[in-house]
Amino acid sequence: MQVVSPSRLRDAIAEHLRDGMTRRQIENFFEDLGLAPWPDEWVSLTKAAFVWSILGDHTLPELADVARRVLDEVEAPGLAALVDRLGPTGVAGDLKNLIFAADGPKPKIVFRDAVNNDIALVENEQYCLVYDRPLGPSGLTWKELTDWWADREGLTGRSPTEVSRSLYSRLDRSLGSNDAERRILRTYADRYLRLGPDIPALIPQVYLHYDPYTKRQGGTTLARQRMDFLLLLPNRARVVIECDGVQHYADDFGRASPQRYAEMVAEDRGLRLRGYEVYRFGGQELREEARPSDLLRTFFDALAARHGGGA
């Protein structure tokens with residue numbers, strides 16, 4: 001994958017907006033993106049300089065999002081070629097809350113400050129993990145996760161192997177009796193041993209949505225409250241891995257359920273439209289007698305290649 005610098009992508013966006021839109025159309029374009037108000041000196045700027053003034057502090061993933069919006073509006077083959085060279089891109093916005101690996105009752109989450117999206121866990125916090133550090137440009141690596149774990153558990157000064165084993169044991173516990181998911185985690189853990197701790201961490205049982213109500217209270221209005229696994233890769237790429245048991249496509253009596261299947265694929269569409277990649281494994285693929293290790297190793301190798309070695 002060839003590198004595209006933010007300044008080059010910014011130049012291309014400015015050039016194609018300058019050539020493809022009037023000044024007022026450009027203003028409307030950025031208003032629709034929520035990037036108003038303009039700098040005070042905007043009146044004296046050329047169209048291209050105006051675009052630069054709006055996008056001057058944007059990161060490469062943010063610029064990629066803008067570029068795709070430009071391509072929806074104007075013919076811009078040069079810009080399209082640059083976007084193609086970016087390879088897979090990720091989710092817009094920054095990670096704010098990473099709640100994962102629950103091994104007990106569902107946590108109760110409230111807003112401490114709704115304006116700043118500042119949440120608090122007020123019940124059952126002891127059963128889940130909350131990663132509370134900023135996410136760097138490399139995503140979340142196993143080394144970063146184990147460093148956080150060492151600080152959290154008072155293991156600073158212990159050997160990396162001891163810390164890794166402690167964290168792995170805690171993550172494994174969140175999978176309960178699900179042997180198929182456990183095989184995914186075990187196979188990925190082998191990658192840490194082979195490739196080192198700087199590859200992305202595979203994070204199990206990550207809360208995506210949160211519905212605080214029980215069914216009796218009218219809850220479960222949000223589908224797929226937890227993801228089976230999440231990888232946070234460079235360039236804001238986020239990869240969801242799901243292991244589908246019979247409950248994903250059958251009712252409580254084991255009969256095929258078009259409704260459950262439709263809900264699942266609808267949620268997948270929503271995730272993909274927001275920039276997530278979603279990969280599903282059928283439970284039958286991961287049975288012990290099916291020898292899933294080769295299948296999973298091949299998948300993780302291909303995923304790493306797709307993201308330039310970042311998995």
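What percentage of the 311 residues of the protein count as buried? In this predicted model, the share that counts as buried is 43% of the 311 residues.

- The crossing of α1 and α3 is right-handed, and the contact is made on the α1 side by Ser7, Arg10, Asp11, Ile13, Ala14, Leu17 and Arg18, and on the α3 side by Lys47, Ala48, Val51, Trp52 and Leu55.
- By residue class, the contact of α1 with α3 divides into seven nonpolar, one polar and four charged residues.
- With helix α4 (residues 60-73), α1 packs at an angle of about 20°, and the axes of these two helices are 10 Å apart; α1 is therefore roughly parallel to α4, as angles under 35 degrees are classed that way.
- The crossing of α1 and α4 is left-handed, and in it Pro6, Leu9, Arg10, Ile13 and Leu17 of α1 meet Leu60, Leu63, Ala64, Val66, Ala67 and Val70 of α4.
- The contact of α1 with α4 consists of ten nonpolar residues, no polar ones and one charged residue.

**Helices α8 and α10**

- The axes of helix α8 (residues 179-195) and helix α10 (residues 292-306) come within 10 Å and cross at roughly 60°, which makes α8 oblique to α10.
- In this right-handed crossing, α8 contributes Arg183, Ile184, Thr187, Tyr188, Arg191 and Arg194, while α10 contributes Pro292, Ser293, Leu296, Arg297, Phe300, Asp301 and Ala304.
- The residues that form the contact of α8 with α10 divide into six nonpolar, two polar and five charged.

- Tryptophan 142 is placed in helix α6, and tryptophan 142 counts as buried because its relative accessibility is 5%, under the cut-off of 20%.
- Although tryptophan 142 and isoleucine 199 are 57 residues apart in sequence, their C-alpha atoms are 6.2 Å apart in space.
- Beyond its neighbours within four places in sequence, tryptophan 142 is in contact with Ser164, Leu167, Tyr168, Leu171, Tyr192, Pro197, Ile199, Pro200 and Ala201.
- Leucine 155 lies in the loop between α6 (142-153) and α7 (160-173), and leucine 155 is buried as well, with a relative accessible area of 13%.
- Once neighbours within four places in sequence are set aside, the contacts of leucine 155 are Trp149, Ala150, Val163 and Ser166; from leucine 155 to serine 166, eleven residues apart along the chain, the C-alpha separation is 9.3 Å.

- Most residues other than glycine have a negative phi.
- Alanine 101 is not a glycine, yet it has a positive phi of about 55°; alanine 101 is placed in the loop between β1 (98-100) and β2 (108-113) and is buried, with a relative accessible area of 0%.
- Glutamine 205 likewise has a positive phi of about 55° without being a glycine, but glutamine 205 is found in strand β5 (residues 202-207), where its relative accessibility of 8% means that glutamine 205 counts as buried.

**Cysteines and disulfides**

- A disulfide is a covalent bond between the sulfur atoms of two cysteines.
- A search of the whole structure finds zero disulfides.
- Cysteine 128 counts as buried at 2% relative accessibility, and cysteine 243 is buried with a relative accessible area of 6%.

Terms used. Residues numbered from 1 in each chain as written. Predicted model: local features only at pLDDT ≥ 70, side-chain atom pairs only at ≥ 80, totals over all residues. Heavy atoms only, no water. Helix = DSSP H or I, 4+ residues; strand = E, 2+ residues; numbered from the N terminus. Buried < 20%, exposed > 50% of the residue type's maximum accessible area, 1.4 Å probe, protein only. Contact = heavy atoms within 4.5 Å. Axes fitted to C-alpha atoms, helices over the stretch in contact; angles between N-to-C directions. Parallel < 35°, antiparallel > 145°, perpendicular 65-115°, else oblique. Left-handed = near helix turned anticlockwise from the far one by under 90°. Nonpolar A, V, L, I, M, F, W, Y, C, P; charged D, E, K, R; others polar. Disulfide = S-S within 2.5 Å.
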